[in-house]
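Thanks, everyone. Please keep the model open while I talk.

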Amino acid sequence: MTAPLVSRLPRVGTTIFTVMSALAQECGALNLSQGFPDFAVPPALLQAVVQHLQAGHNQYAPMTGVPRLREAIAAKTLAAYGVAPDPVHEVTVTSGATEALFCAIQAVLRAGDEAIVFDPCYDSYEPGIELAGGRAVHVPLAGPDFRPDWQRFAGALSPRTRLVILNTPHNPTGSVWSAEDMQQLATLLRGRGIWLLSDEVYEHIVFDGRRHESVLLHPELAARAFVVSSFGKTFHATGWKIGYCIAPAALSAEFRKIHQFVTFSTSTPMQHALADYLEAEAQHWQQLPAFYQRKRDLFCRLIEGSRFGCTPSAGTYFQLLDYSAISDERDVDLARRLTREARLASIPVSVFSVAPDPAQRLLRFCFAKDDATLEQAAAIIRRL
Ligand SMILES: Cc1ncc(COP(=O)(O)O)c(C=O)c1O
């Protein structure tokens with residue numbers, strides 16, 4: 001008889017996104033839980049995919065990404081942040097940001113190393129850290145604004161710290177780091193052998209005239225960083241799973257050693273189509289903040305008069321709502337109950353923290369939805 005397989009990730013179950021989306025489907029609930037748009041990919045981008053499929057771009061892409069897409073990413077980065085990464089040595093196309101995050105973690109961490117993450121924290125980071133033999137050190141971001149507490153961060157640094165993972169704009173809270181935050185981080189990391197992994201998948205979804213503080217805007221940080229983004233978020237195409245990583249040549253070289261044995265390369269026709277679209281339609285990502293700000297404002301306006309507390313999100317397509325005036329239930333229980341009884345699915349925020357604040361009463365709603373869906377959701381919220 002064979003011995004039972006001992007799990008490498010004994011604490012990992014099915015992600016909350018899968019659980020809530022499945023429950024929403026089972027209950028016929030409106031799904032504002034998982035973060036995906038319910039509106040169309042830009043038609044010109046779809047046409048470009050069809051064109052490249054028919055043109056025969058159907059075999060393996062180069063391991064590091066289709067050259068013209070890497071060039072288009074470098075050009076977009078220059079337009080957005082005033083710095084142009086070298087498309088040959090510093091830009092790598094990946095199968096979604098998820099793959100890029102995983103490869104960057106594996107490239108850096110060795111057994112016994114520590115990686116600092118900020119809680120609430122996106123759920124893919126810690127399993128990646130554990131698979132590398134590392135240990136996640138969780139630094140809480142405190143509500144209501146969920147900004148980093150730099151004193152606490154300084155206290156979490158140790159001789160074993162090898163990596164810091166940050167995420168701005170932030171899922172699930174919608175908070176956005178400031179230039180001051182980046183300076184604090186640079187000061188605290190100065191002189192230490194610590195790498196940085198900056199998850200910037202919502203880079204083009206920031207509101208109220210704020211600037212997205214990409215790590216790429218901060219040379220001292222960029223010199224030690226893997227900066228990760230996702231076309232899924234920017235082009236309403238989360239199912240395509242195309243992302244990329246920008247990092248200095250020496251870091252990219254190690255990153256690519258992992259990437260080539262995780263996926264080797266990423267869908268060829270999609271890469272060509274994205275290159276076409278980036279070259280021709282720069283205004284798409286430039287108009288994204290206004291596009292999503294209108295959605296955020298609509299959602300917040302529609303729920304006015306409800307018993308939920310709402311501080312408008314600063315970035316991402318997520319809005320936190322505070323239900324402390326409605327119920328004392330745990331957020332996990334309330335999220336499930338609302339899905340079953342009110343037919344509205346959301347995500348409980350506590351699942352993103354190892355030690356959630358017991359007084360916190362927050363649900364996360366995704367407003368990347370058609371206006372009609374947002375109106376239906378708000379009508380339910382106003383009745384609760
Ligand atoms: C913070 C964050 N990072 C990474 C990802 C994964 O991006 P992708 O779908 O491109 O793998 C997501 C998706 O929801 C996310 O919210």
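I start with the second largest cavity, which has a volume of about 30 Å³. On a 1 Å grid over the protein atoms alone, a cavity is a set of points where a 1.4 Å probe fits but cannot get out, and lining residues have an atom within 4 Å of a point. Grid points are joined across faces, edges and corners, and a volume is the space filled by probe spheres set on the points. This is a predicted model, where local features need pLDDT of at least 70 and side-chain atom pairs count only at pLDDT 80 or more, while totals for chains, interfaces and linings use all residues. Residues are numbered from 1 along each chain as its sequence is written, and side-chain values use heavy atoms, with hydrogens and water left out.

What lines this second largest cavity? Its lining is Phe231, Gly232, Phe235, Ala237, Trp240, Lys241, Ile242 and Leu274. By class, that is six nonpolar, one polar and one charged. Here Ala, Val, Leu, Ile, Met, Phe, Trp, Tyr, Cys and Pro count as nonpolar, Asp, Glu, Lys and Arg as charged, and the others, Gly among them, as polar.

The count of cavities of 30 Å³ or more is two. The largest cavity has a volume of about 60 Å³. Its lining includes Lys76, Tyr81, Glu200, Glu203, Val227 and Tyr244. Two or more lining residues come from each of α3 (67-81), β7 (225-230) and β8 (243-246). Helices (H or I, at least four residues) and strands (E, at least two) are DSSP runs, numbered from the N terminus. The lining of the largest cavity splits into six nonpolar, three polar and three charged residues.

Now the open space. The largest pocket holds about 1,100 Å³; a pocket is an open set with protein on both sides within 12 Å along at least five of seven lines. Of its 40 lining residues, Thr15, Phe17, Tyr122, Asp123 and Ser124 are the closest to the centre. Elements giving two or more residues to this lining are α1 (16-27), α4, α5 (125-131) and α9 (231-234). The largest share, four residues, is from α4. By class, the pocket lining has 15 nonpolar, 16 polar and nine charged residues.

The axes of α4 (residues 96-108) and α10 (residues 249-262) come within 8 Å and cross at roughly 125°. Axes are lines fitted to C-alpha atoms, for helices over the stretch in contact, and angles run from 0 to 180 degrees between N-to-C directions. Angles under 35 degrees count as roughly parallel, over 145 as roughly antiparallel, 65 to 115 as roughly perpendicular and the rest as oblique. The contact divides into eight nonpolar, two polar and two charged residues.

The next pair is α13 (residues 288-302) and α15 (residues 371-383), with axes 9 Å apart and an angle of about 30°. These two helices are therefore roughly parallel to each other. Their contact includes Arg294, Leu298 and Phe299 in α13, and Asp371, Leu374 and Glu375 in α15. By class, this contact has six nonpolar, no polar and five charged residues.

Notes. Contact means heavy atoms within 4.5 Å.
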